[in-house]
Amino acid sequence: MFKPSFARTAVRAASQARAAARIANGVRPISTTRVMLKDEPKDKDPFTAATTAAPGGASGQHEGAWARTDENVKIEYPEDHEMPRSPIVQGRGGMHFKRTLASFSLEGKVSVVTGGARGLGLVMGQALVNSGSHLAIVDLNKEEAEEQARKLVQQFSDENPGLDPEDLPKVTAHYSDVSDPESVNKAFAEILAAHGKVDSLVTSAGFTENFDAISYPYDRIKKLWGVNVDGTYLWSTTVAKHLMERKSPGSIVMIGSMSGAIVNVPQPQAPYNAAKAAVRHLAASFAVEWAGHNIRVNCISPGYMLTALTRKILDENPELNKKWTSLIPVGKMGTPEDLMGAVTFLLSDAARYVTGAELRVDGGYTVT
Ligand SMILES: NC(=O)c1ccc[n+]([C@@H]2O[C@H](COP(=O)([O-])OP(=O)(O)OC[C@H]3O[C@@H](n4cnc5c(N)ncnc54)[C@H](O)[C@@H]3O)[C@@H](O)[C@H]2O)c1
């Protein structure tokens with residue numbers, strides 16, 4: 001039986017033998033591609049040998065060294081009770097007379113921020129309060145959320161002296177494990193009882209940790225996905241359902257991460273990276289599904305941000321600080337304050353035609 005693949009192989013072998021013979025006789029073949037001889041070593045070219053051909057882990061100081069994860073990098077995250085309190089931003093919330101677009105205001109809205117007791121969530125919540133919104137802080141850590149709620153109102157009052165107490169923002173604190181549907185429903189009912197309605201949501205509850213993919217304990221992967229992905233899903237659908245029932249427009253901002261688009265180095269964290277990619281695409285998918293209900297859904301993807309937690313980690317790992325900042329075009333990490341404008345914009349009417357978008361606030365990390 002005739003087999004075309006045998007025929008092709010035979011023709012190719014004959015043509016290679018002819019080419020080799022011509023090269024041996026000093027005759028240059030009429031071809032722009034140099035023919036690789038059978039026994040010629042493949043790594044003669046220093047460029048190909050130095051990079052892709054290098055075996056994993058053999059890169060030393062040069063080849064791929066800055067673009068690989070290192071399973072030996074172990075970042076110790078502090079226990080919850082060892083965590084320093086997150087500071088709120090000072091001196092930004094007073095009355096001002098600078099002209100700005102009125103559409104950036106969140107006057108009269110009620111916003112929910114999950115993971116709002118600390119770090120980025122806390123300062124984003126402060127941005128919403130400074131922009132005229134009432135706020136419900138949702139967190140695993142209710143005591144800290146209550147303390148921060150009091151501080152936010154106190155600071156607002158200090159920065160806006162003479163305000164009628166009725167004009168102060170209402171800031172409440174609620175316990176919720178965002179990965180547990182029952183706990184989400186309970187907290188949401190509590191928020192409705194306190195505020196009467198919800199217009200906006202920011203999902204900031206989330207965490208990262210570092211294990212190499214092979215040794216990552218499966219129960220920890222499920223927990224990480226539960227908080228970062230399920231928590232985002234559950235709170236978003238709960239708020240969207242409420243908005244649909246009220247036939248009211250609304251806006252949701254999910255906090256993803258640049259890790260949803262790139263792979264961080266050197267610390268290994270595959271499940272976190274995948275979770276943040278899921279968050280980004282949840283935002284896009286919900287945006288399409290709920291566009292007809294006038295509910296906008298967007299995602300903010302921060303780069304490396306200096307929170308109380310990351311500060312503590314970097315104080316203990318100065319080498320990591322050097323590696324991270326060497327990869328950021330603006331040359332430094334961001335601060336929680338750098339997200340204040342982004343979150344306010346996306347929740348406000350200034351962004352009324354923006355939905356399904358990802359806003360990267362990463363000092364240029366992901367464009368290099
Ligand atoms: N800090 C960064 O550099 C950075 C960068 C990119 C993305 N992010 C993302 O931003 C978000 C906030 O991070 P952060 O740095 O402010 O962290 P953080 O640890 O300072 O604050 C997270 C808050 O979420 C709460 N939380 C954790 N699990 C929860 C749960 N199951 N239910 C309710 N609340 C829970 C914590 O109690 C805490 O108050 C996270 O989603 C994180 O992945 C952070």
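## Residue classes

In the account that follows, Ala, Val, Leu, Ile, Met, Phe, Trp, Tyr, Cys and Pro count as nonpolar, Asp, Glu, Lys and Arg count as charged, and the others, Gly among them, count as polar. The model described here is a predicted one.

## Around the ligand

Sorted in this way, the shell around the ligand holds 14 polar residues, 12 nonpolar residues and 3 charged residues. Of the 29 residues around the ligand, the ones that come nearest are Gly115, Arg118, Gly119, Gly206 and Ser257.

Several helices take part in this shell, for α3 (119-130), α6 (218-246) and α8 (308-316) each supply at least two of its residues. The largest share, 3 residues, comes from α3.

## The sheet

The model contains an open sheet of 7 strands, which are arranged in the order β3-β2-β1-β4-β5-β6-β7 and pair in parallel. At the edges stand β3 (171-175) and β7 (358-361), and because each has a single partner strand, one side of each is left without a neighbour in the sheet. Neighbouring strands of this sheet are turned against each other by 20 degrees on average, direction ignored.

Within the sheet, strand β5 (residues 250-255) pairs with strand β6 (residues 295-302) in the parallel sense over 6 bridges, and Met254 stands opposite Cys299 in β6.

## A helix across the strands

Helix α6, which supplies at least two residues of the ligand shell, also lies across β1 (110-114), β4 (200-203), β5 and β6. Relative to β4, α6 runs at about 180 degrees.

Technical notes. Residues are numbered from 1 along each chain as its sequence is written. This is a predicted model: local features need pLDDT of at least 70, side-chain atom pairs count only at pLDDT 80 or more; totals for chains, interfaces and linings use all residues. A residue is near a molecule or strand if its C-beta atom, placed from the backbone, lies within 6 Å of it. Helices (H or I, at least four residues) and strands (E, at least two) are DSSP runs, numbered from the N terminus. Two strands pair if DSSP finds at least two bridges between them. Axes are lines fitted to C-alpha atoms, for helices over the stretch in contact, and angles run from 0 to 180 degrees between N-to-C directions. Two residues are in contact if their C-beta atoms, placed from the backbone, lie within 7 Å.
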